[in-house]
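The following report is meant to be read beside the sequence and the coordinates. It moves from the backbone of individual residues to strands and a helix, and then to whole chains.

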Number of protein chains: 4
Amino acid sequence: MAIAPTSRFHGVIPPVVTPRSADGAIDVASLERLTKHLLDGGVNGLFVLGSSAEVPYLTDSERAVVVSTIGGVNAGQVPLIVGANEQTTNRVIDEGRRMVELGADALVVTSQYYAISDANETDTHFRAVHAALDVPIFAYDVPVRTHYKLPTDLLVRLGREGVIAGVKDSSGDDVSFRQLLLAARDIPDFDIFTGHEVVVDGALLGGAQGVVPGLGNVDPAGYARLYAAGASGDFAAAASEQDRLADVFSIVYTPTPGRVSPGAGGLGAFKTALRLMGVIDSNAMSAPMIALNDSETAAIRVILERNGLL
Amino acid sequence: MAIAPTSRFHGVIPPVVTPRSADGAIDVASLERLTKHLLDGGVNGLFVLGSSAEVPYLTDSERAVVVSTIGGVNAGQVPLIVGANEQTTNRVIDEGRRMVELGADALVVTSQYYAISDANETDTHFRAVHAALDVPIFAYDVPVRTHYKLPTDLLVRLGREGVIAGVKDSSGDDVSFRQLLLAARDIPDFDIFTGHEVVVDGALLGGAQGVVPGLGNVDPAGYARLYAAGASGDFAAAASEQDRLADVFSIVYTPTPGRVSPGAGGLGAFKTALRLMGVIDSNAMSAPMIALNDSETAAIRVILERNGLL
Amino acid sequence: MAIAPTSRFHGVIPPVVTPRSADGAIDVASLERLTKHLLDGGVNGLFVLGSSAEVPYLTDSERAVVVSTIGGVNAGQVPLIVGANEQTTNRVIDEGRRMVELGADALVVTSQYYAISDANETDTHFRAVHAALDVPIFAYDVPVRTHYKLPTDLLVRLGREGVIAGVKDSSGDDVSFRQLLLAARDIPDFDIFTGHEVVVDGALLGGAQGVVPGLGNVDPAGYARLYAAGASGDFAAAASEQDRLADVFSIVYTPTPGRVSPGAGGLGAFKTALRLMGVIDSNAMSAPMIALNDSETAAIRVILERNGLL
Amino acid sequence: MAIAPTSRFHGVIPPVVTPRSADGAIDVASLERLTKHLLDGGVNGLFVLGSSAEVPYLTDSERAVVVSTIGGVNAGQVPLIVGANEQTTNRVIDEGRRMVELGADALVVTSQYYAISDANETDTHFRAVHAALDVPIFAYDVPVRTHYKLPTDLLVRLGREGVIAGVKDSSGDDVSFRQLLLAARDIPDFDIFTGHEVVVDGALLGGAQGVVPGLGNVDPAGYARLYAAGASGDFAAAASEQDRLADVFSIVYTPTPGRVSPGAGGLGAFKTALRLMGVIDSNAMSAPMIALNDSETAAIRVILERNGLL
């Protein structure tokens, strides 16, 4: 049960959010402070241009700014795992190439979306991306966005043949996640991350190599403690830290349903918390998403205070 | 983290499958042997007329036979939690009344289905059922069947007001499950069960009071060991037992997709395993479901053998 | 294109709603008046115990009252097509037998629900129901409730082999509906009905034999005119009548979202309109559904008035 | 009922498919022949870079080649309505600007996808796109790809305020389509197109201004006849032509399920038919989609022959 990191990709790898100024531009200074905040918090890697980065909303040039800014602060301290977020195979390859040039150590790639695809095409898709790009490829299972669940047997086959280096699981399907952990246990240097904030202790208990928590932007040190407890086999401590973080996570339920979209609510809560903590200057969101308002911010303040984060 | 059972409803409470003879009738003798097998395995309760019992497929009279057969063998040794499976409020109340007369110690009730309902009606639904029936009511969250996810805040409110005595969670949503455990932690005598076979260690780590595993028909002693490990705080042992049970659970992937329906596949695998183990006489299924065939049975035998169950 | 009714099941066959008194009991006198209102409106059949009848919410004894009340008023004037609404094959057969005893001329049967089934089992399901019951069986395609779309090729095969006598299509999938009409065109005595209120002209243009509109409770004569126009090939007149009825149908959008459930809203609007028209005495709904309130009623009054129904 | 084209955007506007050579490159010569084939068939406009063009799979540079090739052959004969297919608002604006520079007369824009959005953001989205770009914007309702159904009231409001010039409806929801036609009837220069091949007669009967049928690549003259019949009020002739085209459309059911993805099957059938007809040179698909094989091609040949297209 003790977690032996099998590669340099393991541990706490938060998906870095993208601060914007009130005028809508990327706020580079805030992004630099946030990156430093995460590194100071003891994270083991940085997931750049993930969903938490609002990557769907960033233009091509904004994506470049984000990667180079984070890369500049990081200066090689931890691995940069970068999302190559595009609809289909050839567009992913084009995007991935740009990201590698910008300094990505590994890429995170979803199945095709908007396209109406299937398992055979998804197999071809990952093989083509792997063949074209000279960095480790992590499969990103996020059916709430792609509307396609990556089949466990496909992931295991691609892992065993060296096509993918691991999986970032945001499927919300804990049964298939456990089966994947079990089935992939003997694949060398294959790393499986959960993308869910509040079940990390169970994921580590099942043998996961890492966690990519959006909430890790807010409390990287908390996730570092949780991971350390799990890695040392002290699951009572892990569960206790997890319960605390689950309460912190309740900030994502503060946005008023109907006023703020489901996509904007959680990310807006992370940004609002970071602003309250003084890490970033504004909780502005990418258009057309709207920022949390004063009453939502006040509710978040209460939660942060009762958890010792303010 | 140590699990303190808060009521007589806790621990391993398998959903008893319903053996049939090849001619389609309920096989009472096999059901009696199965009940004894479960009690001998050390279970803490019996969930009667659950999805694993093929309850949707049983006629009214068959349901009565099943409850009285199990009740007869059990003779009060462990609590009988019985499904009152019907479409809507008044029909659930009628069905629940029959089940209480047949000896149910508690009832398991889903939200309405086939009906197109919402949270307000679901609140009214559980209150009406509770008001009409004089036994504890467990809410059964099974969106794969009802196509409605029970909201966490609704469950907590109903629990806090004494309308429901607990939750059987088969939602497959481990994030909301953890939030429910956290939010309901201070409700006295409120018991939360996971219905998923392969994430029980994590559920116990999060504070769940019990587990209702279909696979518990096949290996009740394994789940009893898993629960005991979790209850004593030895999560390394729990995870190890869970991994073994996750491998046993792979019997549900042996049916040929397309030949056997998703509903029939898992239950058919449990029945086939029980037949191989000599607990029941036939793996016949309720019409129109079909039984697993010889090659599927052979695959199950391999899995049972490598896990020491044959 | 001219529609030649191929059997006694054709034309306007409204799904009769179930009036209740404020105390929750079936309001038999109102149901009798409603049945007369429909027959006076020139309908060609009566669909009894459909979704519009709130059939999921009726207890067994209430279902019996509804069928015999309608049957009594109808006295054989038009065919009674009765829903045998249950979860699975054997339960449908039990229910269907009761309905035939109560006077059903034909039965309407969905695929299994709550059960997790597939095409093979659905084929077996309809064959078993047909074999057990000595009346024509109509397949009811209502995926919004069953969460399963009946495949066109299955319906055509069952029709060609005489297992089903037709289809009531509430699938909302106009493409598959047209393909079904085309594929089944040469099956003798096979009748296809649309369950949708506002696309009847197009359905008739495509060759549908009938329509089962919930809104037909409110304006049976309007649907009779629409059907007659289509049957005579005057599609300009059909479309004009359809547009008027589509405006009447906007009563279903008057309930406040969030206050009234999706299931209760449309049916509540029909009942409220019938109460305003003096056909029934109360717009009470089956528990746990709530009735439309005064402001919703006022909005319905406006729509009825501008369409000459008050 | 007579359809009075209210603007230059009306009638048959097929979504032009994108021929590729066996080596995977855009086959410009075939695309030129196809464009001429469509213009010769009497179409009223060309929908460029739609789903049928495999737009999700085209790289940025390929998209430019397609638009300029079609534009070159068309030389202003009919309007070019071009898809600006991107995930989110600012990316759509960037893409739309490129398309306008390449000669688009109007743009087709979906709601955001991959992003998790809502009605408020969708409203902002269309307003921002309209404000940034100086051509008519058509809203494209394609929930099977975006997983979001554009609400009718939103479309009507955006139309009434001049934000959008019309709607391309591929929602498969004929009820909401009819309500949209009715609600938008009095908006000047607002054009509503159905994207469905087999219900065009009904759409015209309901008042639709045009049709964007993928099958129009194969039989543009058939759709021109269907539209002309509808425009002249001869709906018997329209239905008859529609039934013939529904049979031609059955080519999309020839690909073997499981072998060919749902996305590749229909488009592959159109391309295969065009190859059999000698309009394009290859039925190659964009990676990772695979082309139809010989037996699937043979089945398509039969359908084309019995409908007089070979």
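A residue is called buried when its relative accessible area is under 20%, and exposed when that value is over 50%. The model discussed here is a predicted one. At 4% relative accessibility, B:Tyr114 therefore counts as buried. Although B:Tyr114 is not a glycine, its phi is positive, at about 65°, and the residue is found in the loop between β4 and α4 of chain B. A:Glu54, likewise not a glycine, has a positive phi of about 60°; its place is in the loop between β2 (46-48) and α2 (60-74) of chain A. Because its relative accessibility is 1%, A:Glu54 counts as buried.

Peptide geometry provides a further backbone feature, in chains C and D. The bond that joins C:Ala287 and C:Pro288 is cis, with omega of about 5°, and C:Pro288 lies in the loop between α11 (262-276) and α12 (294-306) of chain C. In chain D, the peptide bond from D:Ala287 to D:Pro288 is cis, with omega near 5°, and D:Pro288 is placed in the loop between α11 (262-276) and α12 (294-306) of chain D.

The loop that holds B:Tyr114 leads back to strand β4 of chain B. How many of the five residues of β4 (residues 106-110) of chain B are buried? Five of the five are, so the strand is largely enclosed by the rest of the structure. Both of its faces are covered, with B:Ala106, B:Val108 and B:Thr110 buried on one side and B:Leu107 and B:Val109 buried on the other. The strand pairings of β4(B) are set out below.

| Partner of β4(B) | Sense | Bridges | A facing pair |
|---|---|---|---|
| β3(B), residues 80-83 | parallel | three | B:Ile81 with B:Ala106 |
| β5(B), residues 137-141 | parallel | four | B:Thr110 with B:Tyr140 |

Between β3(B) and β4(B) the chain passes through helix α3 (residues 89-101) of chain B, in a β-α-β crossover that is right-handed. A right-handed β-α-β unit is also made by β4(B), helix α4 (residues 119-132) of chain B and β5(B).

Helix α10 (residues 235-249) of chain C has 15 residues, which at 1.5 Å a residue should span 21 Å, and this agrees with the 20 Å that separates its end C-alpha atoms. Among the buried residues of α10(C) are C:Phe235, C:Leu245, C:Val248 and C:Phe249, and they also include C:Glu241, C:Gln242 and C:Asp243.

Chain A, taken as a whole, has a secondary structure of 12 helices and eight strands. Its radius of gyration is 18 Å, close to the 19 Å that the globule rule gives for 310 residues, so chain A is as compact as a globular protein of that length. Along the principal axes, its C-alpha trace spans about 50 × 45 × 40 Å. Of the 310 residues in chain A, 66% are buried.

As for the arrangement of the chains, a rotation of 180° with 0.0 Å of shift along its axis superposes chain D on chain C, with an RMSD of 0.0 Å. The two copies are thus related as by a two-fold rotation axis. The C-alpha of D:Gly202 is the one in chain D nearest that axis, at 2.1 Å from it. Because 100% of the interface residues of chain D are also interface residues in chain C, the copies meet through the same surface. By contrast, chain A and chain C do not touch, their nearest C-alpha atoms being 11 Å apart, and chain B and chain D do not touch either, with their nearest C-alpha atoms 11 Å apart.

Note on methods:
Residues are numbered from 1 along each chain as its sequence is written. Chains are lettered from A and ligands numbered from 1 in the order in which they are written. This is a predicted model: local features need pLDDT of at least 70, side-chain atom pairs count only at pLDDT 80 or more; totals for chains, interfaces and linings use all residues. Side-chain values use heavy atoms; hydrogens and water are left out. Copies are superposed by least squares on the C-alpha atoms of residues with pLDDT of at least 70 in both. Contact means heavy atoms within 4.5 Å. Helices (H or I, at least four residues) and strands (E, at least two) are DSSP runs, numbered from the N terminus. The expected span of a helix is 1.5 Å times one less than its number of residues. Buried means under 20% relative accessible area, exposed over 50%, partly exposed in between (1.4 Å probe, protein chains only). Two strands pair if DSSP finds at least two bridges between them. A crossover is right-handed if, with the strands pointing away from the viewer, the path from the first strand over the helix to the second runs clockwise. The radius of gyration is taken over C-alpha atoms; the globule rule is 2.2 Å times the number of residues to the power 0.38.
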